Amino acid sequence: MPREASEMHADLVEIIGDAHRVNVGESARQLHGVPYVGTYKGLGKGRLPDIVVFAATREEVSEVLAYANARRIPVVAFGAGTSADGQVIPLHGGISLDLTGLDSLEIRPADLQATVGAGVTRKALNRRAGEHGLMFPVDPGADATLGGMAATNASGTTTVRYGAMRHNTLELEVVLADGRIIRTGSRALKTSAGYNLMHLFIGCEGTLGVITELTVRLYGIPEHVIAARAGFPDLDSACRCAVGLVGTGLAVTRIELVDRDTIAAINAYKGSSIAEQPHLFVELSGTQASVEADARIAREIASVEGCERFDATSDHEEAARLWEARHELLFAFENRYPGRAVKGSDACVPLSELPGAVRFAREAMTNAGLEPSILGHVGDGNYHAMAMIDTNDPSDVARVEGVFDQIVADAIARGGTCSGEHGIGIGKQKYLLQEHGDLIPLMRAVKAELDPNGILNPGKIFAEQG
Ligand SMILES: Cc1cc2nc3c(=O)[nH]c(=O)nc-3n(C[C@H](O)[C@H](O)[C@H](O)COP(=O)(O)OP(=O)(O)OC[C@H]3O[C@@H](n4cnc5c(N)ncnc54)[C@H](O)[C@@H]3O)c2cc1C
């Protein structure tokens, strides 16, 4: 180990007081430097952290940051490492600060709230909340940490009903770059007390501070759930139906679009025989009477839009089987294109623009000779174009990039955004410039105020200034 690294190791062991939680081993560094998923896994950008620190308390986080800040050592906060745009890659080495040891968990049923350490995962929270008949609804698919979810303003299949992390976080404890510990927000359900600094940290991708604790909202587990899978002759009618279902105010908890090619990939992977046509996967929840009434209306709306088959069930296991196809589609893609990495856009548009945006994305992919695959949380206008990319072939990378550039430009032109849920990371910086180029100086000013030495996840969201 070079002298500087060995000094840093010794200093951090002294701060943490436990050599087992300060790791310079190759496998710990790999696990914290190579993203779990996405093109950055394959493209091999960036480098490994020099050292991984497993923090267990807010005080340890504070001391590590104060130490790193004094020496200008980069620090990348690390939750479960499931983020999609290279967010956890330590572009300049330094410390990967693993927060999974911050695992305190308090449920307050009377307030419909939980206060959790940043390292608690959403599944762990749901296991404990379930004991009280409660649930935490934000579901990005992966078993991410609540700290990482707040840091990316994660959302997912249930956002159409319950909102994203910003809507469900009431209070944050954050450690600033210099080690100061602050609290923003409160446990009240609403507040008008001054600037909302909490929402600056939500979605900051670890560039403004390290979240150590969150208070989040919980909800009652609905009494009755109906899951349905509706097949349509074309994507336009499926999209129009999604907009119609949301617009009528039905108790829609999830509404997911899966196109024909994706269904074909799922059939090949699972050996299933789902009709190979665009589908909406829908979930309605509430009381039995209300959900059954809503399901009838949903069936009618779907039929008006040309729905050709509508399978619905309230049986838990059958519902799980209906949804299985949606949940496993990433693996279905990997199975269909071995050796390739998945690249997905996560643009989001106003609901009325959704059918046009999805049509545009399909045409752009087809024109470039790609097999078009579109899916997404369409109840909130968020759609993913997915392409399997050969990361060893620069021309393939450039071709896919070119198509995604068109798809994102189209979404922005429709009044939408380049990222509905995954964040900017490394990959979408050029799109953030297109969407909010005039605001980048303001964002930089906020960053300079909170992290003057630029130690927190440098090179993410926007490029460092030369
Ligand atoms: C199969 C799959 C499906 C997915 N689907 C969705 C989806 O539907 N919706 C969605 O939103 N995302 C989705 N994602 C992406 C990912 O799950 C989310 O971005 C998630 O919020 C990341 O949480 P994490 O704990 O893994 O954070 P990490 O990946 O560890 O970190 C994410 C970012 O937050 C920072 N960070 C982590 N913890 C903290 C902290 N305590 N304080 C400050 N900064 C911190 C990191 O430095 C990094 O910049 C999916 C990922 C996978 C693998």
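The following legends describe close-up views of a predicted model.

**View 1. Division of the protein chain into domains, and the contact of domain 1 with domain 3.** The domain assignment of the protein chain gives three parts: domain 1 (1-220), domain 2 (224-331) and domain 3 (339-436). The centres of domain 1 and domain 3, taken over C-alpha atoms, are separated by 27 Å. To the contact between them, domain 1 contributes 21 residues and domain 3 contributes 15 residues. On the side of domain 1 that touches domain 3, α3 (39-43) and α7 (159-162) each supply at least two residues. The largest share of that side comes from α3, with 5 residues. By residue type, the side of domain 1 that touches domain 3 divides into 6 nonpolar, 11 polar and 4 charged residues.

**View 2. The shell of residues around the ligand.** Of the 37 residues around the ligand, those that come nearest are Gly79, Ala144, Gly147, Gly148 and Gly206. At least two residues of the shell are supplied by each of β3 (75-78), α6 (146-151) and β10 (210-217). Among the contributors to this shell, α6 gives the most, with 4 residues. The shell around the ligand is made up of 19 nonpolar, 15 polar and 3 charged residues.

**View 3. The largest nonpolar core and the surroundings of alanine 242.** The largest nonpolar core holds 65 residues, of which Ala242 and Val282 touch the most other members. Helix α10 (residues 235-247) provides the largest share of this core, 7 residues. Domain 2 (224-331) and domain 3 (339-436) each give at least three residues to this core. Residues up to four places away in sequence not counted, alanine 242 touches Ile255, Leu257, Leu280, Leu354, Val378 and Gly379. Another core, of 63 residues, lies apart from the largest one, and its members include Leu102, Ile107, Phe201 and Cys204.

View 4. Strand β16 (residues 341-344) is covered on both faces. Ala341 and Lys343 are buried on one side, and Val342 and Gly344 are buried on the other. Strand β18 (residues 384-389) pairs with β16 in the antiparallel sense, over 4 bridges. Within this pairing, valine 342 has methionine 388 of β18 as its bridge partner.

**View 5. Leucine 112, a residue with positive phi in a loop.** Leucine 112 is located in the loop between β5 (105-108) and β6 (113-117). Its phi is near 55 degrees, a positive value in a residue other than glycine. Leucine 112 counts as partly exposed because it has 16 C-beta neighbours inside 10 Å, a count between the limit of 12 or fewer for an exposed residue and that of 20 or more for a buried one.

**View 6. Asparagine 153, a residue with positive phi between two helices.** The loop between α6 and α7 contains asparagine 153. Although asparagine 153 is not a glycine, its phi is positive, at about 45 degrees.

Conventions
Residues numbered from 1 in each chain as written. Predicted model: local features only at pLDDT ≥ 70, side-chain atom pairs only at ≥ 80, totals over all residues. Near = placed C-beta within 6 Å. Nonpolar A, V, L, I, M, F, W, Y, C, P; charged D, E, K, R; others polar. Pairing = 2+ DSSP bridges. Core = buried A, V, L, I, M, F, W, Y, C linked by C-beta atoms within 7 Å. Domains from an automatic or database assignment. Contact = placed C-beta atoms within 7 Å.
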